[in-house]
Amino acid sequence: MALREAAEALDAEWHDETILACERALKADAGCAEAFLLLGLTHFDLDEPTKAVEIIEHAHKLNPLMLECVDALAAILVRIGKVGEGLFYAKLATTLAPHPTIRNLLPQRYGTFFKNFETGDPRSYFHRAGYSFEAGAFAEAAAHCRRQLELTQGDPETLRLMGRANLKMGQFEASISAFHAALHASPPEAGDLFSLGTALRATGHSEEAGACHSMALSLSPDDPVLHSAVVAELTRRPGTEAGRIEAAHREWRSRHTVGITPRAPAPADPQDLERPLRVAYLSGAFYQNDFIELFEPILRLHRPKHVTAYCYSDTSYVDLTTEGLMGAATRWTDIAGIDDETVWEILRGDEIDIAVDLSGHFEGGRPLVFARRPAPVTLSWLGYPHPLGLPGVDYFLTDEIAWPAAAEAPESGQEIWPLPRAPLAYIAPTNIPDIGPLPATQSGAVTFGVKCDLTLITPALIRDWAEMLWSQDNTRLLICNRFDQDEASVQRVADLFSHFGLRTRMDVVNMADNFMSDFAFYDHVDIALDTGSCDSLVENCRALWMGVPVIGLAGDHHGARLGTSLLAGAGRSDWSVESTLDFAALAGRLSGDLAELAELRATLRDQVRRSALSDPVGLYGALEVAYREMWRRCAAGA
């Protein structure tokens with residue numbers, strides 16, 4: 001009875017019921033081959049082919065004359081690419097008879113050896129992993145890779161993909177292990193070495209990382225996308241000197257734009273200066289992320305009578321945020337996988353007046369489209385923290401705090417266009433939590449807090465924070481591992497603090513394990529610290545909205561001064577300083593006055609709500625004025 005119930009449940013794909021019925025059958029007869037066969041088929045349905053084959057082979061040993069076991073092994077083995085083994089069982093099946101009492105013990109959906117030989121895919125899990133990776137489901141991609149490696153051990157393509165998926169998840173040690181295996185299984189590829197270098201840097205092996213990146217560029221010197229990734233990592237990293245960033249952009253320009261001449265655009269008609277402008281936004285990040293929290297409110301404010309927004313998306317990843325952006329844009333065009341020359345032709349065919357680069361050298365950026373000049377007016381804004389330095393780009397949109405008037409202009413001649421206000425605005429979500437009491441009044445110690453990608457925490461940053469902690473008694477530092485990166489990343493940060501004798505005054509906590517929302521961390525923080533990276537801008541906004549003051553140390557280039565611009569937009573220029581000494585002094589002043597911290601916690605949200613930082617309408621108005629003036633200059637031949 002139990003076997004018949006199990007077979008019927010399996011036929012209906014009721015897997016839990018099948019397992020329970022098989023367990024009852026095995027309790028009555030521990031050597032029941034039929035029950036093991038049905039259990040194996042259930043595991044195959046549950047996407048566990050290796051375990052399925054193992055269980056069905058056990059059933060075959062228990063009853064070597066059972067046709068259904070042999071047929072199942074033949075069908076499953078050929079489906080997962082083990083044709084030779086499957087053929088052995090297919091030949092054996094010709095000598096056996098069907099089960100004498102239970103019909104359809106092997107449901108027809110499993111097919112036969114010959115049917116699966118025609119349709120089977122020995123790399124099906126690798127292909128599934130690729131689809132999952134492109135959809136942003138990195139954990140699922142890694143799981144599919146593991147299943148594929150059970151079937152095709154040491155497959156270099158699968159190892160590479162697993163390395164990339166683990167890198168995306170912040171599982172850096174697993175990523176390093178996968179890339180090492182791939183490099184031993186096949187000749188090194190530039191992309192493998194670059195990704196390996198990125199994982200090595202995240203675990204504190206900076207010299208090895210630099211060697212990997214250098215070798216990657218040597219192997220593929222003409223690959224602009226790979227070279228962009230190297231430039232982007234340098235640009236986003238806190239503490240990188242301005243000269244190194246400028247030199248990296250100059251090298252990219254000299255290596256990849258030789259022979260590309262910006263095509264002269266059709267001149268703007270002086271008689272048509274006030275017509276609605278067609279503005280194109282190009283990005284590889286039109287999905288839920290920090291950048292979109294700054295861009296989406298601006299996109300939704302475009303007024304077709306004045307400015308028509310065209311979006312060009314270079315990503316295959318689509319989520320609910322993407323769908324919302326599609327609805328906000330006048331026209332949406334997917335350009336993922338389309339070559340640069342064709343993208344240039346698409347924009348020129350759309351008769352774009354102003355093209356805005358939002359990604360630069362970050363993933364999905366199209367610097368070679370802008371090198372060709374896709375519109376009469378071209379500029380960079382918001383999504384990338386440094387001028388591209390390409391002759392085909394006219395302007396870099398920012399403000400005089402992030403790029404002071406006294407600072408040198410970019411080498412390429414790209415003009416700095418200062419807005420009369422901060423070049424970004426942030427709108428808090430409607431479900432933002434209420435502000436809680438000051439943690440210091442309950443713990444008795446002032447808690448400094450940082451919530452970030454742990455790879456942004458450099459030895460130089462920790463040195464600055466260590467000096468701050470040394471100078472302040474009764475203070476501690478709490479770091480939120482925002483992306484739940486692996487234990488090696490956490491240990492790297494902890495070890496760096498140990499070098500300064502401060503391990504007992506700091507802690508690292510994982511985001512997913514401890515906090516229900518992006519804002520909940522700040523219930524435990526009295527003063528937030530800016531990392532100095534463009535990646536921390538939205539996190540600084542969240543802290544301010546939770547009544548937590550943010551203090552930062554301004555750097556020597558635009559990306560390192562965006563936090564200063566943000567604080568100025570919030571009306572708190574006094575919380576950004578120019579030297580390590582001033583940083584420690586500011587931290588001491590704030591931490592030494594609990595009454596002021598409590599007052600700030602109660603009032604800061606309202607202050608920020610009334611500031612330019614929370615005024616996307618004002619920012620959009622400034623953008624629209626800038627666009628119109630750029631268009632007039634173009635018409636005048638300036």
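## Charge

Lys and Arg count here as positive, Asp and Glu as negative; His and the chain ends are left out. On that basis the chain carries 55 positive and 88 negative side chains. The centres of the two sets lie 2 Å apart. The model is predicted.

## Overall build

The chain has 638 residues, and 56% of them count as buried. Its secondary structure comprises 28 helices and 13 strands. Along the principal axes, the C-alpha atoms fill a box of roughly 90 × 65 × 45 Å.

Take the contacts between residues at least 6 apart in sequence: 69% of them join residues at least 24 apart.

## Cavities

Four cavities of 30 Å³ or more turn up in a search of the whole structure.

Which residues line the largest cavity? The lining consists of Trp381, Leu382, Tyr384, Pro385, Phe396, Leu397, Pro423, Leu424, Leu537, His558 and Leu562. Two elements give two or more residues each to this lining: strand β6 (395-399) and helix α25 (558-569).

## The second largest pocket

This pocket holds about 450 Å³ of space. Its lining has 21 residues. Nearest the centre lie Arg201, His213, Val230, Leu234 and Arg244.

The elements that give two or more residues to the lining are α13 (206-219), α14 (224-236), α15 (242-256) and α21 (459-471). Helix α14 gives the most, with five residues.

## Asp464

Helix α21, one of the elements lining the second largest pocket, also contains Asp464. Is Asp464 buried or exposed? Its relative accessible area is 9%. The cut-off for buried is under 20%, so Asp464 counts as buried.

What does Asp464 touch beyond its neighbours within four places in sequence? Its contacts there are Leu553, Thr580 and Phe583. Thr580 sits 116 residues away from Asp464 along the chain. Even so, the C-alpha atoms of Asp464 and Thr580 are separated by 6.4 Å.

Terms used
Residues are numbered from 1 along each chain as its sequence is written. This is a predicted model: local features need pLDDT of at least 70, side-chain atom pairs count only at pLDDT 80 or more; totals for chains, interfaces and linings use all residues. Side-chain values use heavy atoms; hydrogens and water are left out. Helices (H or I, at least four residues) and strands (E, at least two) are DSSP runs, numbered from the N terminus. Buried means under 20% relative accessible area, exposed over 50%, partly exposed in between (1.4 Å probe, protein chains only). Contact means heavy atoms within 4.5 Å. The place of a charge is taken as NZ of Lys, CZ of Arg, CG of Asp or CD of Glu. On a 1 Å grid over the protein atoms alone, a cavity is a set of points where a 1.4 Å probe fits but cannot get out, and a pocket is an open set with protein on both sides within 12 Å along at least five of seven lines; lining residues have an atom within 4 Å of a point. Grid points are joined across faces, edges and corners, and a volume is the space filled by probe spheres set on the points.
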